[in-house]
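Trainee: I would like to go through this model and hear the grounds for each term as it comes up.
Mentor: Then put your questions one at a time.

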Amino acid sequence: MARGAPPGGVSGSAPGLLAACQAGEPGAFRRLFQARSAQVYRWALFLGLTPADAEDAAQEVLVVASQRIQLCRAEEALTSWLFQVTRRVVANARRRRWWRDVFSASGSDDAETAALEHEDASDVQQELAIRACLAKLPKAQAEVLLLMEVEGHTREEVAEMLSLPPGTVASRLRLARAAFRAAWEADGHAPLAAQEESEAGP
Amino acid sequence: MSERRDEGLGLGKALGRATVPADVQRRIVVGALDRLEQPRARLAPWALVAAGAAAALAVGVWRFSGGARTPEAGTLVATTEATTYALGPHRVELAAASRLRFTAVEPGAVQLELEAGRAHFRVAKLRGGEHFRVRGAAATVEVVGTRFDVEAVGACTRVRVQEGQVRVTPVGQGAEALTPGQERTVCPPAGPEVLSAEEKLVREALGLISSERELPRAAELLERYRRDYAGGVFEEEALFYLCLTRARLGQGGEARALREAFLARFPQSSRGQRLRELSLP
């Protein structure tokens, strides 16, 4: 997988799309939504939301982004800015879910549903297991693992997206990997195949 | 676990070519477009009742504030048309295509940063200990009780006073009082002397921090800033980055004390949340 290109095939927006949205060009927001919906949905999903909540959150992220589009200053900052919006929306969605679960006897169970399309049906269990283990990690660690391990961003890109020094990203990544391995093995899964590179980034 | 090398987990590989289903993408896009066009269509009946009550309350507040909006502290607003904001008894009229950050918004303490464009301020009489400050790129304007304009003109800051008196403090220089009818444009000096000693100190420290070189030296420069320029225009930045640097250096005790100092000194700062989330050794 190419670094910086999410496995879902969403690699960014057409050049000039941000400017078109900021200028209020007809159809610009629809194009932005089409270009970014899958990416935002994956973020929400791997940050711990159920598929249904992730879908709602993705809609909300796009609506909030369109209402505040003037605050995004550059095309190249769009991914980073959208991720910041997603973090806040996901945090709110998790709080709402907590309240909903408090007042609901049955609770939510669609976390056990696959949210992605897989070429091989056996990968469905893999997706569920990864989401379950990510959900056990502290938020700060899950974000770094999502962006580097799942989405394939470099350490420097993640540092910019999270407004952190690259060294902090590296240390969070180390902790996150250790925590994820512990959760993975505690759930009785076979070890994941290690990547050839030991860490993203140049 | 602890003896294992820090290898990648291969999560991307494990997920293979998993994609977001096309129908999910379509629902997200259509739903978002619907919500943009018909924001009230999703309200449940109980929510409509609550919205009605909120609207009635909002009308009261609206009337009370003369139809102006009141932004939260930490908000950065960017206007496409002229917009009026209410800050308690004060009013800010932000021109179209302007950007203004509401750094602190609380009774007796208003701090704003004009990043672009022009804003007109109508400030009610301030009592002792209260302040209303507007920071531009080149100067900080402090109100003594008045009506005035601040305009960002490139790297310069232009101030015009219509009523009352304001105190203008160019970055790194002494304060100057402006009275009605007076106008002052403050620009950074040209050429290599463009930065004040105060700004140079902070910039040098931030350069070291961003490149992760000589962090102890960066901490020393920021400590010096705090000592030599107490209450200076970069006080917030210096305290914030000093806290992050101490944490990065593994000096948890110092970082904790600096975090407490920051939160006490700048309770409305948007950077406070970042420090609260900081995991300290």
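Trainee: What average pLDDT does chain A have, and what share of the residues score at least 70?
Mentor: The model is predicted. Chain A averages a pLDDT of 78, with 76% of the residues at 70 or above. pLDDT is the predictor's confidence on a scale from 0 to 100, so these values speak of confidence in the model.

Trainee: Where in chain A is confidence under 50?
Mentor: Residues 1-11 of chain A stay under 50, and the model has 31 contacts beyond four places in sequence for them. Residues 195-202 of chain A are also below 50, with 25 contacts beyond near neighbours in sequence.

Trainee: Which helix of chain A has the lowest confidence, and which the highest?
Mentor: Helix 4 of chain A is lowest, at a mean of 79, while helix 2 (residues 28-46) of chain A is highest, at 91.

Trainee: What makes a space a cavity and not a pocket?
Mentor: A 1.4 Å probe fits in a cavity but cannot get out, whereas a pocket is open. By the cavity rule, three cavities of 30 Å³ or more are counted. The largest cavity has a volume of about 50 Å³.

Trainee: Which residues line the largest cavity?
Mentor: Its lining is made of Leu47(A), Arg87(A), Val90(A), Ala91(A), Arg94(A), Lys139(A) and Glu143(A). Helix 4 (78-103) of chain A gives the most, four residues. Helix 6 (139-150) of chain A also supplies at least two.

Trainee: How do you know how many of these lining residues are charged?
Mentor: Asp, Glu, Lys and Arg count as charged. Arg87(A), Arg94(A), Lys139(A) and Glu143(A) therefore fall in that class. The lining divides into three nonpolar, no polar and four charged residues.

Trainee: How much space lies in the second largest pocket, and which residues are closest to its centre?
Mentor: The second largest pocket holds about 580 Å³. Of its 27 lining residues, Gln111(B), Arg133(B), Arg135(B), Gly231(B) and Arg265(B) are closest to the centre. Elements of chain B that each supply at least two lining residues include strand 4 (99-106), strand 5 (109-116) and helix 6 (235-248). The lining has eight nonpolar, 11 polar and eight charged residues.

Trainee: Why are residues such as Tyr41(A) and Trp43(A) said to belong to a nonpolar core?
Mentor: A nonpolar core takes buried residues of kinds that include Tyr, Trp, Phe and Leu, joined through side-chain atoms within 4.5 Å. The largest such core has 68 residues. Those with the most contacts inside it are Tyr41(A), Trp43(A), Phe46(A), Phe83(A), Leu145(A) and Phe180(A). Helix 2 of chain A gives the largest share of this core, 11 residues.

Technical notes:
Residues numbered from 1 in each chain as written. Chains lettered and ligands numbered in written order. Predicted model: local features only at pLDDT ≥ 70, side-chain atom pairs only at ≥ 80, totals over all residues. Heavy atoms only, no water. 1 Å grid on protein atoms, 1.4 Å probe; cavity = no way out; pocket = protein on both sides within 12 Å on 5 of 7 lines; lining within 4 Å. Points joined across faces, edges and corners; volume = space filled by probe spheres on them. Contact = heavy atoms within 4.5 Å. Buried < 20%, exposed > 50% of the residue type's maximum accessible area, 1.4 Å probe, protein only.
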